[in-house]
Amino acid sequence: MPELPEVESARKVLATAALGRRIDDVDDSDTFECRPHSPGDIKAALVGRRLVEVHRRGKSLWCDTSGVGRSRVPGPVLGVHLGMSGRVVVTDRRGGVTEGGDYWQRGRRLDDLRFVRFSLTFADGGRFYLIDPRRLGRIRLEPAVELLGPDALEITLPELRMRLARGSAPVKARLLNQHVIAGVGNLLADELLWLARIDPARPVSELTTGEVTRLHRALRRAITSAIAQGGVHTGEVIAARVKGGVCPRCGAPMQQGVVGGRTTWWCSREQV
């Protein structure tokens, strides 16, 4: 599913290709993707406005909108959540395509729009599509982004120590809690815990100062690398998360289990 690196790629697409273009039409007819809004609500709120800035925290995206016409009163915030399979596609007036988000859809024919769940049509004829085969994304006005924890790429070491200081929850479960740290998903959690050589089931209260420091370093490394390489699927241990897989670092068998309700893989020798 899209995690922070994939969502960051979607943010860059919107920032480079969608800002400043007047919105002439909106298709918000998918009542599941656009819940709790009724069809036409988002359209009425956005037509005549422009997307003026795009933000990301963790896996959540949101766009500030302009006033209508010459009005300086800002419009509503448009929230875009990619869910488990979402991808954004922006076309220019000549049909050129810029896209980002979930990596599996790269190369999909643009004229195959069966999975478009939401779209904006710009005055210049270009469009912004949210393509979401599994229909688990979300478009809504005024999203509650204040409920999210600090962004996983920007969290400081003292903040991380504070958020892992108490409780008996497994460290992986705590990392997956978006109210604690925003942006870490299942694959990214396995990657950074492998980099830090920490057992995913280790209670957070038992982590040493040195282990939290290693975890913070691994968090930055895993996210930065995934953004540069094109997604969390490019992580160093991800290909070994299969039956018969071995640790890329020491060659020991990879072990599988369930931690925090999620399928989890770890090195049987180094993460104990």
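Guide: Begin with R21, which counts as buried because its relative accessibility is 11%. The cut-off for buried is under 20%. Remember that this is a predicted model.

Visitor: Which side chain does R21 meet in a salt bridge?

Guide: Here is the general idea. Side chains of opposite charge can pair when their charged atoms come close. In this structure, R21 pairs with D124, at 3.0 Å from N to O. R21 sits in the loop between α1 and β1 (23-27), and D124 in the loop between β7 (116-122) and β8 (127-131), so the bridge ties together parts 103 residues apart in sequence.

Visitor: Is D124 buried or partly exposed?

Guide: D124 counts as partly exposed, at 34% relative accessibility.

Visitor: How many salt bridges does the structure hold?

Guide: The structure holds 15. Another one joins the side chains of R87 and E99, at 3.2 Å from N to O. R87 belongs to strand β5 (residues 87-91) and E99 to strand β6 (residues 97-101), so this pair links parts twelve residues apart in sequence. R87 is buried at 3% relative accessibility. E99 is partly exposed at 32%.

Visitor: What about E206 and R202?

Guide: They form a salt bridge too, with their closest N and O atoms 3.7 Å apart. Both partners are partly exposed: E206 has a relative accessible area of 45%, and R202 has 21%. Salt bridges can also share partners, and in this way E8, R11, R56 and D151 are joined into one network.

Visitor: Now a helix. How many residues does α6 have?

Guide: Helix α6 (residues 209-229) has 21 residues. From its first C-alpha to its last it reaches 30 Å, close to the 30 Å expected at 1.5 Å a residue.

Visitor: Which residues of α6 are buried?

Guide: First, the general idea. An α-helix has 3.6 residues a turn, so residues three or four places apart point the same way. In α6, the buried residues are E211, V212, L215, H216, A218, L219, A222, I223 and A226. They lie on the same side of α6, because they cover an arc of only 165 degrees around its axis.

Visitor: Which residues are exposed on the other side of α6?

Guide: There you find T209, R217, A228 and Q229 exposed.

Visitor: What do the buried residues of α6 pack against?

Guide: They pack against α1 (4-17), α3 (157-163), α4 (171-176) and α5 (186-196). Finally, look just after α6: G230 takes a positive phi of about 110 degrees.

Definitions and conventions: Residues numbered from 1 in each chain as written. Predicted model: local features only at pLDDT ≥ 70, side-chain atom pairs only at ≥ 80, totals over all residues. Heavy atoms only, no water. Helix = DSSP H or I, 4+ residues; strand = E, 2+ residues; numbered from the N terminus. Expected span 1.5 Å × (residues − 1). Buried < 20%, exposed > 50% of the residue type's maximum accessible area, 1.4 Å probe, protein only. Arc of directions from axis to C-beta. Contact = heavy atoms within 4.5 Å. Salt bridge = Lys/Arg side-chain N within 4 Å of Asp/Glu carboxyl O.
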